[in-house]
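Below are my entries, in the order I looked things up.

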Amino acid sequence: MNIERITARSISDTRGRATIETTLTAGPLSATASVPSGKSTGSHEALELRDADGGVATAIAHVQGEIAEALSGRSFATADEIDLFLIALDGTPNKSRLGANALLSVSIAAERLFAQEANVPLWRAIANRAGTTPSAPRLYVNVMNGGVHADFRLPFQEYILVVNGDAIHPMAKNVSAADTYEPLKHAYAAAQQAFAKLGERLGSVALGDEGGYAPTFAALDEPFALLADLVKEFPGTSIAIDAAASELYRDGSYQLLGKSYAANELSFLYEDLVERFPFHSIEDPFSEDAADDFTRFTEALGGKILVIGDDLTVTNPARITEAAGRQEINAVLIKPNQIGTVSEAILAVQETHDAGWKAVASHRSGETNDTFIADFAYGVGAHGIKAGGLGQKERVEKYDRLLAIEQEAGVL
Ligand code: PGA
Ligand code: ZN
């Protein structure tokens, strides 16, 4: 394939901040991709290139200038070839020269072009590339926002209802009926009802960055009591949090609701919560460099829940391999923009699976209307997908895309 034309522009994410959108054309084919942006970013992530004024003019100039010139006149047989070319062109370990945002916008648009050329849906192209079996992920629906996503109205960043479509309907267990059973449709319907019910119980409250409610509570376990009620009402659901503990960490301890916790005290707090409430997973329970605390915690609780690394592993295949050697976690969050190319995000999933761990694909807190992450989650057969709360269109579009994928997969 020859990329003939590359254009890029600045669009606004859900926080109204600038982000990059890129369009590639090759003969009659054309594909566009935009990239999301995090707020509680890990310090080991690839670099998102921003100008002093917060804009992405330099990233756009790199795409339309150096990257466009380098790609022009060359022929690429696969999307992986383009990604390897982009990585070499940047030449830095963390994409700091051209920018991970610039590179990823080209990488995702290229993946779409190759899917079009092969005349297969995007999720199928991703599965072929990754050597994975596509399947419906659990929906990690972020129902209450806290931490830096809601001015710390709640101490933890994300309070999540995990919905497992396969566990909702008894028909799913019946082999002949399971052929026509659509787990994502049922999971999403349950998520919508649960989200509305929680909204009624909370009354009129603000929404946080990820489109979940942003209430306040006097006690740390009150939100969990509310979530546990929902779990009782909705079969196939369970509780997860993203503690995003790097954001709670100050001078060797963790600050929650005005109290200071040492790492072992925070562990006890989590263990107590897991004991009393129906937990499925805890993401980033400790700060990004507290590898030993992760290992101890996973040894203690890894048999009961998923301990997910996000800021710890930053979708970086080398960091995931390192975490595997020390058994720091048993699941990995996969965010393509933390690493900057689709091929490396796929490699991160492969490293995760090689470790015997679960992969959870994830959006970012600053999102666009690009639904690539839905195709990625389904294509790599991820255990789950984090796509946010239902109070924001850019989040809902990911869920809508998942339902469309389920239909496409049913008729192919
Ligand atoms: P971020 O939050 O996109 O602001 O980093 C999401 C997360 O921590 O999982
Ligand atoms: Zn996180």
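Ligand first. I find an oxygen atom of ligand 1 at 2.6 Å from an N or O atom in the side chain of Ser365, which falls inside the polar-contact limit (a pair of N or O atoms within 3.5 Å; within protein, one must be able to donate a hydrogen and the other to accept it, and residues adjacent in sequence count only if both atoms are side-chain atoms). Taken alone, ligand 1 exposes 280 Å², and the protein buries 100% of that (accessible areas by Shrake-Rupley with a 1.4 Å probe; for residues, only the protein chains shown count as cover).

A note on what I'm working from: this is a predicted model, where local features need pLDDT of at least 70 and side-chain atom pairs count only at pLDDT 80 or more, while totals for chains, interfaces and linings use all residues. Residues are numbered from 1 along each chain as its sequence is written, chains are lettered from A and ligands numbered from 1 in the order in which they are written, and side-chain values use heavy atoms, with hydrogens and water left out.

Back to the ligand. I also get 3.1 Å from a ligand 1 oxygen to a side-chain N or O atom of Asp242, and 3.1 Å again for Asp310. I count 15 residues around ligand 1, the closest being Lys39, His149, Arg364, Ser365 and Lys386 (near means a heavy atom within 4 Å).

Next, strand S5, residues 158-163 (strands are DSSP E runs of at least two residues, helices H or I runs of at least four, numbered from the N terminus). Why do I call S5 largely enclosed? Six of its six residues are buried, so the rest of the structure largely encloses it (buried is under 20% relative accessible area, exposed over 50%, partly exposed in between; 1.4 Å probe, protein chains only). Glu158, Ile160 and Val162 sit on one side, with Tyr159, Leu161 and Val163 on the other.

Strand S4 (residues 138-145) joins S5 by six bridges, antiparallel (pairing needs at least two DSSP bridges), and Asn142 stands opposite Ile160. S5 also pairs antiparallel with S6 (residues 237-242) over six bridges; there the bridge partner of Ile160 is Ala240.

Last, I checked Asp83, which lies in helix H2 (residues 79-90). Asp83 counts as buried because its relative accessibility is 1%. Beyond its neighbours within four places in sequence, I find Asp83 in contact with Ser107, Arg129, Thr341, Val342 and Ser343 (contact is heavy atoms within 4.5 Å).
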